[in-house]
Amino acid sequence: MTVPARISIVTLGVGDLDVSARFYQALGWQRSSASSPEIVWFHTADSALGLFPVDELAADAGVPSEPESGFRGVTLAVNLEDEAAVDRALQGAVDAGATVVKAPIRTTWGGYSGYFEDPDGHLWELAHNPFFPLTPEGRLDLP
């Protein structure tokens, strides 16, 4: 059997569950009623975002919990309808407490992209890619 090509859940290890939950709620994301004092869930267009204490997440995976520094080799992305939507979303992230890592610029591949980090240093890209249209529900429509 092969692994289905889908991402059902992205779980971020966080240092302070309450701080991180408030940050994502301040972005305007809908907290799920499935949340508990141990883990917080948010609805996204095609999957769920989970927030879980980083030490407990490492223990669940059976790996040592080590302090993160620098680039972790992973970014998360939100594709948006146009450049103005990228700018508005980045301002909303800043208003929620995000730190801008890279202000949006026009890219060499023909899009528009910038990055912010959440309270735990997880990198989020906000982008408009004119070659990857979005469905009316906001889902990426890859060719």
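Glu83 and Arg106 form a salt bridge, with their closest N and O atoms 3.0 Å apart. By salt bridge I mean a side-chain nitrogen of Lys or Arg within 4 Å of a carboxyl oxygen of Asp or Glu. The pair joins distant parts of the chain: Glu83 sits in helix α3 (residues 83-96) and Arg106 in strand β5 (residues 99-106), 23 residues apart. Helices (H or I, at least four residues) and strands (E, at least two) are DSSP runs, numbered from the N terminus.

A word on the basis. This is a predicted model, where local features need pLDDT of at least 70, side-chain atom pairs count only at pLDDT 80 or more, and totals for chains, interfaces and linings use all residues. Residues are numbered from 1 along each chain as its sequence is written, and side-chain values use heavy atoms, with hydrogens and water left out.

On accessibility, buried is under 20% relative accessible area, exposed over 50%, and partly exposed in between (1.4 Å probe, protein chains only). Glu83 is partly exposed at 25%, while Arg106 is exposed at 63%.

How many salt bridges are there by this rule? The count is three.

Next, Arg139. Arg139 pairs with Asp46, the closest N and O atoms being 2.3 Å apart. These two also come from distant parts of the chain, 93 residues apart: Arg139 lies in the segment after β7 (123-128), and Asp46 in the loop between β2 (40-43) and β3 (48-53). Arg139 also meets Glu137 in a salt bridge, at 3.9 Å from N to O.

Asp46 is exposed at 52%, and Glu137 is exposed with a relative accessible area of 52%.
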